[in-house]
Amino acid sequence: MFKIRQAQFLAPGIKRFVIEASRIAREQKPGQFVMVRVNEQGERMPLTIENSDPAGGTISIVVQAVGKTTHLMHALRPGDVLADVVGPLGKPSEINKFGTVVVVGGGVGTAMAYATALALKRAGNDVISIIGARSKELVILEREMRAVSDTLIVTTDDGSYGLKGFVTDWLRELIKRGTPIDLVLAVGPVVMMSAVAELTRPVGIRTVISLNPIIMDGTGMCGGCRVLVDEKSQFACVDGPEFEAHRVNFEVLVQRNSMYREAERRATEEFVREVQAAKNGTQSEEPCLSCPEARDEAAGRTFTEPPDAERTR
Ligand SMILES: Cc1cc2nc3c(=O)[nH]c(=O)nc-3n(C[C@H](O)[C@H](O)[C@H](O)COP(=O)(O)OP(=O)(O)OC[C@H]3O[C@@H](n4cnc5c(N)ncnc54)[C@H](O)[C@@H]3O)c2cc1C
Ligand code: FES
């Protein structure tokens, strides 16, 4: 059992957990992840280690609520325990003195890129970070990323904070201005990482991305996380999750990631029904998953604005 020491919302639907896991905290390297099971009956879920404190014996992870298991996790509070936290897994990020590195973080991908950005800075690189979100309230880890970056660019899709536009718009701008860039690291939605790859390919900038295929066992045994790199099969959980972006077949990645969409949708709906029934003490009507109220009920408080005292941003 792994005890949760802290649990704080960073933004609506995005929560950071500090978990007691002393061996993982000692061994963790940037870019690695853990497999978490919320309870004995739960499915295994891969989550990147955002940071670790070997002296305090803790790791932190940042979780975005998107389906049943992440919503279950969001309902947990300090003092609660997780059934399993297995890791650290995956190959660590390559940390070298490359020169100028641009770190691109989209949404919760910012948290997944943080440990690597910190290590790249400590290795003597000039770090330019571009972090983005749909709107102001969803921008996370701005303070932390500023501390590990020589330059920080914050973007929002709707222009409600920082520069208006996608993270890729500002990467394009840096390239257009002739900024010398030795490496790009991009972590976020597949569509964003694919767009980054298409921007850097023609100008020959080495680009590394952290892939997010469906991961099942996380140990290279099941083949669930197979991705095509240079048209050869690789297992993201042991050969990655980071890969050279220009060698990844994004089409196959998108296709494989959608394989369980129907089952995931059903699991989330079933979960919403259970939560509503428990709350009402009766069998409830079919919930409307697109209604904010139904999502709020499913998540407890996940989709509601966290109280100020709980925010760390
Ligand atoms: C190496 C790796 C590191 C990750 N790190 C983080 C992180 O730090 N923070 C974070 O919020 N999310 C992270 N994710 C994604 C996270 O694992 C999924 O969001 C989570 O498993 C969704 O589970 P669910 O039951 O809530 O949602 P579901 O309804 O089951 O699925 C929602 C979406 O999540 C994806 N997903 C579902 N199950 C898995 C799985 N077993 N493996 C990978 N993706 C899955 C699916 O593509 C689906 O579209 C990471 C994924 C990978 C592969
Ligand atoms: S998740 Fe099973 S091989 Fe990678």
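Reader: In which sense do β8 and strand β9 pair, parallel or antiparallel, and over how many bridges?
Author: The model is a predicted one, and strand β9 covers residues 126-133. The pairing of β8 with β9 is parallel, and the number of bridges is seven.

Reader: Which strand does β8 pair with over five bridges?
Author: Strand β8 spans residues 100-106, and the pairing in question is in the parallel sense. Val101 stands opposite Leu183, a residue that belongs to the strand asked for, namely β12.

Reader: Which strands stand at the edges of the open sheet, each with a single partner strand?
Author: Seven strands form this sheet with mixed pairing, in the order β11-β10-β9-β8-β12-β13-β16. At either edge a strand has a single partner, so one side of it is left without a neighbour in the sheet. The edge strands are β11 (163-164) and β16 (242-244).

Reader: How many of the seven residues of β8 are buried?
Author: In the protein chain as a whole, 44% of the 313 residues count as buried. Strand β8 is largely enclosed by the rest of the structure, because the number of its seven residues that are buried is six.

Reader: Between which two domains does ligand 1 lie?
Author: The shell around ligand 1 holds 25 residues, with Thr48, Gly67, Thr69, Thr70 and Glu264 the closest, and by class it has 15 nonpolar, eight polar and two charged residues. Elements that each supply at least two residues of this shell include β4 (45-53), β5 (58-64) and α3 (109-122). Because both domains give residues to the shell, ligand 1 lies between domain 1 (2-89) and domain 2 (100-210).

Reader: Which element of the protein chain has the lowest mean pLDDT?
Author: The mean pLDDT of the protein chain is 87, and 88% of its residues reach 70 or more, while strand β12 (residues 183-187) has the highest mean among the elements, at 98. Over residues 283-313, however, the pLDDT is below 50, although this stretch has 52 contacts in the model beyond near neighbours in sequence. Where pLDDT is low, the predicted coordinates should not be read in detail. The element with the lowest mean pLDDT, 39, is helix α10 (residues 292-299).

How values were computed: Residues are numbered from 1 along each chain as its sequence is written. Chains are lettered from A and ligands numbered from 1 in the order in which they are written. This is a predicted model: local features need pLDDT of at least 70, side-chain atom pairs count only at pLDDT 80 or more; totals for chains, interfaces and linings use all residues. pLDDT is the predictor's confidence in each residue, from 0 to 100. Helices (H or I, at least four residues) and strands (E, at least two) are DSSP runs, numbered from the N terminus. Two residues are in contact if their C-beta atoms, placed from the backbone, lie within 7 Å. Two strands pair if DSSP finds at least two bridges between them. A residue is near a molecule or strand if its C-beta atom, placed from the backbone, lies within 6 Å of it. Ala, Val, Leu, Ile, Met, Phe, Trp, Tyr, Cys and Pro count as nonpolar, Asp, Glu, Lys and Arg as charged, and the others, Gly among them, as polar. Domain bounds come from an automatic or database domain assignment. A residue is buried if 20 or more other C-beta atoms lie within 10 Å of its own, exposed if 12 or fewer, and partly exposed in between; C-beta atoms are placed from the backbone.
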